[in-house]
Amino acid sequence: MDGPQRRALPWGARAVLLGAVVAAGACALPVARGSVPWGAFGLLAGLYALCEWPARCPFPAKGVSPARTKLRAWGWVTVPTGAGSFFPVLLAAAFLLPPAAAALAAVPGALLGRVEQPPRAPRRVWRAAQLALAVGAAAEVHERFGGRASLGGTPAALAPDFPYVLLPAGAAALVFCAVLAVLDGLILWTAERLPARTAWRGLLLSSLAPYCVHGLAGLMMAVLWRSPYGPPAALLVLLPMYISCWVFAQYHREHAAHQATIRALVQAVDIKDTYTRGHSERVGLASVLIARELGMEGSRLEVLRFAGILHDVGKLGVPTRLLRKDGPLTPQERAVIELHPEYGHEMVRGIGFLGEARAAILHHHERLDGSGYPYGLAGPQIPEFARVVAVADAFDAMTSTRSYSRARPVGAAVEELERCAGRQFDPAIVRALVRALDRHGWHPAVTADEPDRGGGGGRGNVPACDAAPAGHA
């Protein structure tokens with residue numbers, strides 16, 4: 001549901017929403033005739049509302065599955081992608097209050113929480129009903145397992161009954177997680193019209209560990225609440241949760257700023273050199289495919305992707321007429337273009353998060369036999385990232401159709417890389433690319449704004465070992 005269509009819920013989603021509201025109402029209805037500790041109820045409901053009212057911690061959706069991106073629109077980010085949810089308060093309510101009261105305690109905060117997209121009223125109502133059902137179910141399971149008695153603080157048990165107190169709390173956290181996962185998938189299926197398999201895929205498994213951690217924090221709150229120190233001591237549990245939320249949010253904001261910096265630089269290069277538009281992103285992708293075959297993990301993969309994307313940023317310092325020239329380059333023109341690795345290195349040397357990527361930008365045109373540029377490094381003197389990017393760069397240049405050269409078939413490009421292995425390219429990295437292509441394949445795209453002119457310049461049809469790859473002098 002994009003644009004204006006977001007304001008009209010499909011009939012299936014309306015039925016699901018109505019059913020959830022009716023079920024949540026039935027879950028909370030016993031409050032009217034039951035014995036409720038209204039003081040504890042008011043404190044917990046008010047505390048959760050206070051936590052939710054300013055705003056949840058918003059996190060960028062880049063790298064998040066489409067299903068989780070759509071869940072953000074329904075008013076909150078699930079725990080695996082947003083550690084700012086104050087679910088320990090709700091789980092503490094499930095451990096301390098009767099099921100009906102626990103379900104009702106979630107409603108004020110859910111209605112006050114942030115909703116990003118219209119229609120906002122149905123989304124708020126859905127979130128309130130969803131949380132009420134999840135908390136009510138968790139409280140029911142906790143009570144049936146004897147959890148409230150095991151918490152202590154009563155004449156029957158003055159101290160928590162460890163380790164038995166963990167069993168009902170764990171069961172309640174699992175039920176809380178399962179109910180939310182089922183309802184998340186249901187709303188994605190009916191409102192967002194995702195296929196059923198896609199809607200529920202991975203929701204439960206990816207949420208399990210974070211919800212268990214929040215369940216443990218909620219149990220700590222409940223134990224301290226029942227202790228001689230009372231509710232003020234329980235509030236201390238929220239302090240580390242809030243700090244972790246803030247740190248997590250700061251990390252994602254910084255990461256988003258990094259991504260924005262990279263995108264701005266790449267867009268500038270694409271605008272300047274229209275013949276190779278899209279080339280940078282594909283080199284980044286090919287570099288990551290190679291790196292995974294080489295066993296690289298974690299943060300190095302991300303930095304290598306940055307290296308592949310930014311390897312040609314130095315073209316911003318090269319005259320546009322040379323980058324767009326269709327005919328052969330003169331020796332003087334080639335010498336100017338061969339300065340682009342040094343230009344690029346100077347441009348990014350102050351960007352600390354690039355790390356090893358800076359060396360790859362500077363040395364991705366070095367050759368194993370020492371005949372490359374800018375410094376003529378040979379063999380192991382060439383940084384590993386630069387050797388990876390060199391192979392990815394040459395491969396994409398050969399398999400992309402541009403206005404001055406036709407794309408080679410993937411098989412022909414691989415044969416050329418293998419022929420050049422040991423002289424220009426690292427053989428181990430070429431083999432890694434071949435394995436990656438066998439696993440994932442490759443789908444080259446046309447990157448020129450103009451139709452192929454049939455052999456145009458002298459830059460595009462030379463073998464990779466004899467000169468720089470197409471469009472990459």
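# Reading a helical model

Guide: This is a predicted model. Start with helix H21, residues 410-420, where Ala 413, Val 414, Glu 416, Leu 417 and Cys 420 are buried.

Visitor: How do the buried residues of H21 fall when seen down its axis?

Guide: Look along the axis and check the arc. The buried residues of H21 lie within 160°, so they line one face of the helix.

Visitor: Which helices do those buried residues pack against?

Guide: Two partners take part. The buried residues of H21 pack against helix H20 (384-399) and helix H22 (427-440).

Visitor: Step back to the whole protein. How many helices and strands does the secondary structure hold?

Guide: Count the elements. There are 22 helices and zero strands.

Visitor: What share of the protein is buried?

Guide: Buried means under 20% relative accessible area. By that cut-off, 51% of the 473 residues are buried. The accessible surface comes to about 20600 Å². Carbon and sulfur atoms account for 63% of that surface.

Visitor: What share of the contacts join residues at least 24 apart?

Guide: Take contacts between residues at least 6 apart in sequence. Of these, 73% join residues at least 24 apart.

Visitor: Now confidence. What pLDDT does the protein average?

Guide: The average is 81, and 82% of the residues score at least 70. Among the elements, helix H5 (residues 99-105) has the highest mean pLDDT, 95. Helix H3 (residues 66-73) has the lowest, 55. Over residues 55-64 the pLDDT is below 50, and this stretch has 31 contacts in the model beyond near neighbours in sequence. Residues 75-84 are also below 50, with 40 such contacts.

Visitor: On to loops. Where is Gly 370 found?

Guide: In the loop between helix H19 (357-363) and H20. Gly 370 is partly exposed, with a relative accessible area of 25%.

Visitor: What does Gly 370 contact, leaving aside neighbours within four places in sequence?

Guide: Gly 376, Leu 377 and Ala 378. Then check a separation in space. Gly 370 and Gln 381 are eleven residues apart in sequence, and 9.4 Å apart from C-alpha to C-alpha.

Visitor: Is the peptide bond from Tyr 373 to Pro 374 cis or trans?

Guide: Read omega. It is near 10°, and the bond is cis. Pro 374 is found in the loop between H19 and H20.

Visitor: Which non-glycine residue has a positive phi near 60°?

Guide: Arg 193. Its place is in the loop between helix H9 (166-190) and helix H10 (196-200).

Visitor: Is Arg 193 buried or exposed?

Guide: The cut-off for exposed is over 50% relative accessible area. Arg 193 counts as exposed because its relative accessibility is 60%.

Visitor: And Ser 150: buried or exposed?

Guide: Ser 150 counts as buried, at 8% relative accessibility. Ser 150 is found in helix H8, residues 147-150. Leaving aside neighbours within four places in sequence, Ser 150 is in contact with Pro 160, Asp 161, Val 165 and Pro 168.

Technical notes
Residues are numbered from 1 along each chain as its sequence is written. This is a predicted model: local features need pLDDT of at least 70, side-chain atom pairs count only at pLDDT 80 or more; totals for chains, interfaces and linings use all residues. Side-chain values use heavy atoms; hydrogens and water are left out. Buried means under 20% relative accessible area, exposed over 50%, partly exposed in between (1.4 Å probe, protein chains only). Helices (H or I, at least four residues) and strands (E, at least two) are DSSP runs, numbered from the N terminus. The arc is that of the directions from the helix axis to the C-beta atoms. Contact means heavy atoms within 4.5 Å. Accessible areas come from the Shrake-Rupley method with a 1.4 Å probe; for residues, only the protein chains shown count as cover. pLDDT is the predictor's confidence in each residue, from 0 to 100.
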